[in-house]
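Student: Could you pick one part of this structure and take me through it slowly? I'd like to see who sits next to whom.

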Amino acid sequence: MTHSRRDMLRYAALGSGVALVSALGAPGVAQGREVLGTIVDYSAAVPSPASIRAAGHIGAIRYVSDPRPDAAWMRAKPLTGPEADALIDSGLEVVSCYQFGRAETADWLGGYEAGLNHARRGLELHRAAGGPENRPIYASIDDNPTFEQFTTRIVPYLLGWQEVIGPANLGVYANSPTLDWASAISLGAFYWQHNWGTPKGHVHPRADLHQVSGGEIDGIGIDVNHVLTADYGQWSLVAGAA
């Protein structure tokens, strides 16, 4: 099934109504949510599973995307089968995410066709690394977009992803305003919040994961994320994946 321009405009119109309701009377900030554990993400290099465990984390969110040609430092993309096996054999969780471009080359700037292409490549790499069927891939909106950018670029981009991997397997990595807009029109089944453009201290009520800080493991830069729900997209929830 493909999405017509009319479909995309319908999503945009729904989002406009949501924005108006939000402005008139936003619900209270979701504070005090229970943190079920911490999970790391990284792209510069691959720390050992033993070191991840020793640091107190329960797993890794890993990129099923290619490194950018202009980023020689990016040695941890994509996730490989041996790395995934090592994590799982060490009792750690694995979650799949996708991001190729950034800033002026951000993935979502390409709209619907980019969504289709990135989803196909992400799914290919997810499967090549041993990723199970019917587990999400988080598509990255690593920005602080405007509402106009959301309706004209991000909605089509996520619809492209959804067409390839299915609505139930689409995760969205974004700030809390973008998660508001996406969740209100049912774009995404899993949500991972970053803080760029998020009101200070806010935790989105639909966030499954929340990126909270940086750090190092084995001398490698990592980000730390709070796990906020029992199912946040980890591979192990599919029988036989772990």
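**A strand and its neighbours**

Tutor: Start at Trp-192, whose bridge partner in β7 is Leu-209. Before we go on, this is a predicted model, so local features need pLDDT of at least 70 and side-chain atom pairs count only at pLDDT 80 or more, while totals for chains, interfaces and linings use all residues. Residues are numbered from 1 along each chain as its sequence is written, and side-chain values use heavy atoms, with hydrogens and water left out.

Now, Trp-192 belongs to β6. Strands are DSSP runs of E with at least two residues, helices are runs of H or I with at least four, and both are numbered from the N terminus. Strand β6 covers residues 190-193 and pairs with β7 (residues 209-217) in the parallel sense over 2 bridges. To count as a pair, two strands need at least two bridges found by DSSP.

Where do the side chains of β6 go? Phe-190 and Trp-192 point one way, Tyr-191 and Gln-193 the other way, and all are buried. Buried means under 20% relative accessible area, exposed means over 50%, and partly exposed is in between, using a 1.4 Å probe and protein chains only. In a regular strand, side chains alternate between the two faces of the sheet.

One last stop is Glu-83, which lies in helix α3 (residues 81-89). Because its relative accessibility is 12%, Glu-83 counts as buried. Its side chain makes a polar contact with that of Tyr-42 at 3.0 Å, and another of 2.6 Å joins it to the side chain of Arg-62. A polar contact is a pair of N or O atoms within 3.5 Å; within protein, one must be able to donate a hydrogen and the other to accept it, and residues adjacent in sequence count only if both atoms are side-chain atoms.
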